[in-house]
Amino acid sequence: THPAVTDVYYPGLPEHPGYALNQQQASGSGAMISFRVCSAQLAQQLLGRLQLIYFAESLGGVESLLTYPIEQTHQATPPELRARVGVDDRLLRLSVGIEDADDLIADLEQALRDE
């Protein structure tokens, strides 16, 4: 619900296009949440402001990580394909770890502050 977040992609949300399928096939919704912020500048600033969540890409760890797909996982992907699949300079992906949920929320809130 943060005003700087324009979109949230998570199969555990009823408005997600894969929600019904996820409900049929899984016992949970996973720990990966993608979201888009209002500007590329904010996305980049957010990465530098994180205090608890790591800006890194990895699989299998227990710590929370935030990735910036356009510069990390999808950097070598042709721009037209990135556009078709929705990877742009406002998209971030959060892999939620085992930290306390309130601590993660507080870190994201302080990183999203308007300055």
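Predicted model: local features only at pLDDT ≥ 70, side-chain atom pairs only at ≥ 80, totals over all residues.
Local features were considered at pLDDT of at least 70 and side-chain atom pairs at pLDDT 80 or more, whereas totals for chains, interfaces and linings use all residues. Residues are numbered from 1 along each chain as its sequence is written, and side-chain values rest on heavy atoms, with hydrogens and water left out.

The chain contains four helices and five strands, where helices (H or I, at least four residues) and strands (E, at least two) are DSSP runs numbered from the N terminus. From the N terminus on, these elements follow the order β-α-β-α-β-β-α-β-α. The radius of gyration, taken over C-alpha atoms, is 14 Å, close to the 13 Å that the globule rule (2.2 Å times the number of residues to the power 0.38) gives for 115 residues, so the chain is as compact as a globular protein of that length. Of the 115 residues, 30% count as buried, that is, under 20% relative accessible area with a 1.4 Å probe and protein chains only.

Strand E2 pairs with two other strands, pairing being assigned if DSSP finds at least two bridges between the strands. Strand E1 (residues 5–9) and E2 are antiparallel over four bridges, with Val 5 opposite Val 37 in E2. Five bridges join E2 to E5, also in the antiparallel sense, and Met 32 has Ser 95 in E5 as its bridge partner.

Ser 64 lies in the loop between strand E3 (54–55) and strand E4 (65–67), and counts as buried because its relative accessibility is 1%. Its side chain makes a polar contact (a pair of N or O atoms within 3.5 Å, one able to donate a hydrogen and the other to accept it, with residues adjacent in sequence counted only if both atoms are side-chain atoms) with the side chain of Glu 99 at 2.5 Å. The side chain of Ser 64 also reaches the backbone nitrogen of Gly 97 at 2.7 Å.

Definitions and conventions: Buried < 20%, exposed > 50% of the residue type's maximum accessible area, 1.4 Å probe, protein only.
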